[in-house]
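Work through the exercises below with the model open. Try each task before you read its solution.

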Amino acid sequence: MELSDLGFDPWFEARTGEVNQAGHGVARISAVDRGSYLIRNETGEVPAELAGKFSFQVESPVDLPCVGDWVTAQYYNDGAEAIIHGLFPRKNFLRRKTAGENVDFQMIAANIDCVFIVQSCHFDFNPRRLDRYLVMADDGKVEPIVLLTKTDLIGRDELEQKLAVARSTAISARVLALSNLSGAGFDEFQEMLAPGKTYCLLGSSGVGKTTLINRLIGRNAYDTKAVSGTGEGTHTTSRRQLIALDRGAMLIDTPGMRELGLLGVGDGVNRGFEDILRLAESCRYADCSHEHEAGCAVRAAVGDGGLDEDRYLSFIKLGKESEYHEMSYLEKRKKDRAFGRFIKSVKKQMKK
């Protein structure tokens, strides 16, 4: 296997001089689990840890390697273990706000050619949650494709209705329905996976991501727990990992996300609602907030039925959430930098 088979293309080759050092090899992060890493190179996977200097220089979780990243590594113990020294620039990424009250970024994956946003046609189907996933993808400049799974649990009319809703939500993205049980739509999905390209699965717990992976590799290599009383599966994946498929494509599996907070995605929110942006061009005021101004074309469209009210409210909510979290994040970074300067000054005084 060559590095190019793992996605190391001319874009990364051109940046090797910025990162690599003599005696270090190039590898890709294939799994991250509570601060421990697996890296994949031409010969296979190797456990790795961060070099002390690397860890010391990290100022934010964004600076830590995530699944899909390319890194430089120094091998020891006859190549059985490695130390990560450098991180290549990222082509693109998927990230969210960390769960809970802490306002910071959590990296999901990097260097992805396409993200499959998976929603079940049964209890998980949620257009407003789909909005969030689409904004996340747009923020990181990753092409999204929407997968509606478990089509066997609903009737044909309901499926057509959900497909229509998904297409009106993901306006510029492809939408595909499939069933892991009957195999309907699976061949079309598999044809999307090109050798040397990297794909990512995003979705809530129990929507069928693990079953889909098992079907792709042709065996039950990954455990799927029993189906719950609602007809949905239960949480299985516990870490982010990159899986090399037999046909040459790579697939990043991720744990189901209970929280999907957005941080720093102002432009992503706008681009994720192209229909609203087009309406906004006709607003009386260029800086219209679309909430209370006279002559607002967006609110007028809601009033006459041209724009779904739930979609409008989602647009307003996501914009405010992103702005609020961004302000909190900038304030946090300001305090962190001030504290860092304080620590450095104390160390200097102690050396005198």
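**Exercise 1. Locate Arg 156 and Glu 160, and say how many residues separate them.**

Solution. Both residues lie in helix α5, 4 residues apart, about one turn of the helix. Helices here are DSSP runs of H or I with at least four residues, strands are E runs of at least two, and both are numbered from the N terminus. An α-helix has 3.6 residues a turn, so residues three or four places apart point the same way. Next, check the contact: the side chains of Arg 156 and Glu 160 form a salt bridge (2.6 Å, N to O). The criterion is a side-chain nitrogen of Lys or Arg within 4 Å of a carboxyl oxygen of Asp or Glu. Then check accessibility: Arg 156 is exposed at 56%, and Glu 160 is partly exposed at 34%. Buried means under 20% relative accessible area, exposed over 50%, partly exposed in between (1.4 Å probe, protein chains only).

This is a predicted model: local features need pLDDT of at least 70, side-chain atom pairs count only at pLDDT 80 or more, and totals for chains, interfaces and linings use all residues. Residues are numbered from 1 along each chain as its sequence is written, and side-chain values use heavy atoms, leaving out hydrogens and water.

**Exercise 2. Find which residues of α5 are buried.**

Solution. The buried residues are Leu 159, Lys 162, Leu 163, Ala 166 and Thr 169. They cover an arc of only 125° around the axis, which puts them on the same side of α5. The arc is taken from the directions from the helix axis to the C-beta atoms. Now turn to the face away from the buried side: exposed Asp 157 and Gln 161 sit there.

**Exercise 3. Trace the network of salt bridges that includes Asp 131.**

Solution. Start with Asp 131 and Arg 128, whose side chains meet at 2.7 Å, N to O. Asp 131 is buried, at 2%. Arg 128 is partly exposed, at 25%. Move on to Arg 311 and Asp 275, a salt bridge at 2.8 Å, N to O. The network comprises Arg 128, Asp 131, Asp 275 and Arg 311.

**Exercise 4. Classify the ring pair of Phe 8 and Trp 70.**

Solution. The centres are 4.8 Å apart and the planes stand at 65°, so the pair is edge-to-face. Rings of Phe, Tyr and Trp (its six-membered ring) pair if their centres lie within 6.5 Å; planes under 30 degrees apart are stacked, over 60 edge-to-face, the rest tilted. Both residues, Phe 8 and Trp 70, are buried.
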